[in-house]
Amino acid sequence: MRWIPRFAALFSLGIAIVLLSPSFQSSPPAEAIRSSSSSHLSDRFSFRRTSAFGNADGCRPPNSGEIGICDPSLVHVAITLDVDYLRGSVAAVHSILRHARCPEDIFFHFLVSDTTLEALVRFAFPLLKFKVYYFDPEVVRNLISTSVRQALEQPLNYARNYLADLLEPCLSRVIYLDSDLVVVDDIYKLWSTSLGSKTIGAPEYCHANFTKYFTSRFWSDERFSGTFAGRRPCYFNTGVMVIDLARWRRFEYTKRIERWMEVQKSDRIYELGSLPPYLLVFAGRVAPIEHRWNQHGLGGDNVRGSCRDLHPGPVSLLHWSGSGKPWLRLDSRRPCPLDTLWAPFDLYDSLPLKGPRAILQRTGNSI
């Protein structure tokens with residue numbers, strides 16, 4: 001029960017932020033309508049529309065003119081949009097905007113395999129700076145191996161491998177974030193992390209049992225295990241990464257990752273999905289980032305999805321990696337204690353408006 005005092009303190013802090021934040025106090029009631037992007041999606045999803053998020057003093061002046069995607073002052077964040085995780089992605093974006101000092105200077109890059117999702121995001125965030133990139137599942141489908149959890153086998157889970165190819169050549173840095181997290185700090189602090197001569201930055205966990213991420217066949221064969229010779233490899237979670245896109249392109253890391261995925265198809269050297277190839281290529285060569293930027297594992301393990309406590313220390317990002325997702329546990333009325341920290345950023349409307357009332361709401365009228 002050691003999690004109770006830490007959770008209580010964190011929950012109290014979260015409530016205080018909600019009550020005291022001007023953005024929460026001054027926001028008008030969120031408009032709730034159903035998206036008309038496609039019939040099957042509008043039947044399944046309905047999100048509330050957020051109000052505008054404005055820059056604070058010291059940021060870019062409001063209405064300072066249109067800025068392009070290559071503007072060097074922008075913070076770039078990449079997230080996937082998937083039907084099964086859409087609710088989480090929307091909450092992640094919402095949390096970033098809520099806590100950013102300069103939200104108008106953030107540009108989002110959404111990776112999709114279903115282009116109809118764009119309308120849902122545009123409705124929830126009318127003034128958001130973003131672009132949608134189509135990721136063809138066939139690019140990676142033949143490279144994917146079976147995993148301990150089916151969700152880890154989805155092609156879009158591997159889209160992060162191709163960011164350097166998908167995003168504009170003028171972009172030299174991007175933050176990649178998973179869809180099952182919320183940011184409770186200013187994203188600019190993560191953006192400004194120094195990578196030095198490294199290609200990626202991420203929180204490392206050198207106390208973790210690194211051997212468990214690969215099979216006994218891998219460790220017993222020098223052709224494979226020898227890849228870590230001369231390195232001190234540590235586990236890191238690929239759901240939060242700062243990536244130097246220029247270095248990635250120069251050293252062709254996408255091809256290196258694909259080569260290990262090809263080895264996996266023939267020799268079965270690991271059991272997880274997209275993580276092990278990153279460990280093979282980058283472990284021991286990662287720019288360390290404070291652990292506060294990935295309080296991961298809140299979704300439990302990859303099978304049971306049991307409740308987890310926070311890691312000791314400060315928190316800037318809460319990550320429900322694992323099989324348990326907060327929106328599913330909240331809907332089932334069996335949430336874990338920390339799931340209530342995700343809930344304030346959820347824009348999902350469980351009781352969407354229907355019929356004449358929805359029409360009136362769309363036109364700004366009332367009954």
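This is a predicted model: local features need pLDDT of at least 70, side-chain atom pairs count only at pLDDT 80 or more; totals for chains, interfaces and linings use all residues.

Q: Why is E168 called buried?
A: E168 has a relative accessibility of 14%. Buried means under 20% relative accessible area, exposed over 50% and partly exposed in between, with a 1.4 Å probe and protein chains only. The value for E168 therefore counts as buried.

Q: Why is K131 called partly exposed?
A: K131 has a relative accessibility of 34%, so it counts as partly exposed.

Q: What makes E168 and K131 a salt bridge?
A: The term requires a side-chain nitrogen of Lys or Arg within 4 Å of a carboxyl oxygen of Asp or Glu. The closest N and O atoms of E168 and K131 are 2.4 Å apart, and the pair forms a salt bridge. This pair links distant parts of the chain: E168 lies in the loop between α6 (163-166) and β6, K131 in strand β5, 37 residues apart.

Q: What makes D180 and K325 a salt bridge, and are they buried or exposed?
A: Their side chains meet with N to O at 2.5 Å. D180 is in the loop between β6 and β7 (181-183) and K325 in the loop between β13 (317-319) and α13 (326-331), 145 residues apart. Both D180 and K325 are buried.

Q: What makes E252 and K255 a salt bridge?
A: The N to O value for E252 and K255 is 3.6 Å, and their side chains meet in a salt bridge. E252, at 43% relative accessibility, counts as partly exposed, and K255, at 45%, is partly exposed too. Elsewhere, salt bridges that share partners join R87, D331 and D346 into one network. The count of salt bridges comes to 13.

Q: Why is strand β11 said to be largely enclosed?
A: Strands are DSSP runs of E with at least two residues, and helices are runs of H or I with at least four, numbered from the N terminus. Five of the five residues of β11 (residues 240-244) are buried, so the strand is largely enclosed by the rest of the structure. V240, V242 and D244 point one way, and M241 and I243 the other way.

Q: How do you know that β6 and β11 pair?
A: Two strands pair if DSSP finds at least two bridges between them. Strand β6 (residues 173-177) and β11 have five bridges, in the antiparallel sense. In one of them, L177 has V240 as its partner. Strand β8 (residues 200-202) also pairs with β11 in the antiparallel sense, over two bridges, and I200 stands opposite I243.

Q: Why is one side of β5 and of β12 left without a neighbour in the sheet?
A: Seven strands form an open, mixed sheet in the order β5-β4-β3-β6-β11-β8-β12. β5 (130-134) and β12 (287-288) stand at the edges, each with a single partner strand, so one side of each has no neighbour in the sheet.

Q: What makes helix α12 mostly covered?
A: Eight of the eight residues of α12 (residues 275-282) are buried. Among the elements that cover these buried residues are β8, β11 and α11 (253-267).

Conventions: Residues are numbered from 1 along each chain as its sequence is written. Side-chain values use heavy atoms; hydrogens and water are left out. Contact means heavy atoms within 4.5 Å.
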